[in-house]
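Here is a brief structural report on one protein chain. It moves from the whole chain to single residues.

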Amino acid sequence: RTLEQMLRQNVITIDVQPLISKTTGDVIFIDMTEAQILRPPPYSSLDMTLLSSFATEMITLIPDSFLPLAKQTVLDEIGSSTTNTLSSEAMDVLSSQLDL
């Protein structure tokens, strides 16, 4: 959920430092000093690279046992939001990396 919420706000970080609960999958970020706000879409090629790297780093931190839940959560979040929607570029990245 945090990944999708950050992408809705055009926020990414290249130094992901989460604390992830092994039992619930809840995530707390402990250091956002490298975070940055991307320009609004359409994204530049550099922004797309940063977005993709951020998504890759976040997704690789999800334990395999929580991947189905992560996929469903992203789908639920995308379907339930009527404001501040996820950009088509971010959706393409998430779809590709989560096999949605």
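## Charge and surface

The chain carries 5 positive and 13 negative side chains. The centres of these two sets lie 4 Å apart. The model is predicted.

Buried residues account for 32% of the 100 residues.

## Overall fold

The chain has 4 helices and 4 strands. Their order along the sequence is α-β-β-β-β-α-α-α. The radius of gyration is 13 Å, close to the 13 Å that the globule rule gives for 100 residues, so the chain is as compact as a globular protein of that length.

Along its principal axes, the C-alpha trace spans about 35 × 30 × 20 Å. Among contacts with a separation of 6 or more, 70% are between residues 24 or more positions apart.

## Helix H4

Which residues of H4 are buried? Helix H4 covers residues 88-98, and its buried residues are Glu89, Ala90, Val93, Leu94 and Leu98. Viewed down the axis of H4, they fall within an arc of 145°, so they line one face of the helix. The general rule is that an α-helix has 3.6 residues a turn, so residues three or four places apart point the same way.

Asp92 and Ser96 are exposed on the other side of H4. Just after H4 comes Asp99, with a positive phi of about 55°.

## Backbone features in the loops

Two loops hold backbone details to check. Asn10 has a phi near 60°, a positive value in a residue other than glycine. Asn10 sits in the loop between helix H1 (2-8) and strand S1 (11-13). Is Asn10 buried or exposed? Its relative accessibility is 15%, and buried means under 20%, so Asn10 counts as buried.

The other detail is a peptide bond. Pro41 and Pro42 are joined by a cis peptide bond, with omega about 5°. Pro42 lies in the loop between strand S4 (35-37) and helix H2 (45-60).

## Asp47 in helix H2

Asp47 is part of helix H2. What is the relative accessible area of Asp47? The value is 6%, so Asp47 is buried. Its contacts include Leu38 and Arg39, once neighbours within four places in sequence are left aside.

Ile14 is in the loop between S1 and strand S2 (18-20). At 43% relative accessibility, Ile14 counts as partly exposed. That class lies between the 20% limit for buried and the 50% limit for exposed.

Which residues does Ile14 touch, not counting those up to four places away in sequence? They are Glu34, Leu50 and Glu57. Ile14 and Leu50 are 36 residues apart along the chain. Their C-alpha atoms are separated by 7.3 Å.

Key:
Residues numbered from 1 in each chain as written. Predicted model: local features only at pLDDT ≥ 70, side-chain atom pairs only at ≥ 80, totals over all residues. Heavy atoms only, no water. Rg over C-alpha atoms; globule rule 2.2 N^0.38 Å. Buried < 20%, exposed > 50% of the residue type's maximum accessible area, 1.4 Å probe, protein only. Contact = heavy atoms within 4.5 Å. Lys, Arg positive; Asp, Glu negative; His and termini not counted. Charge placed at Lys NZ, Arg CZ, Asp CG, Glu CD. Arc of directions from axis to C-beta.
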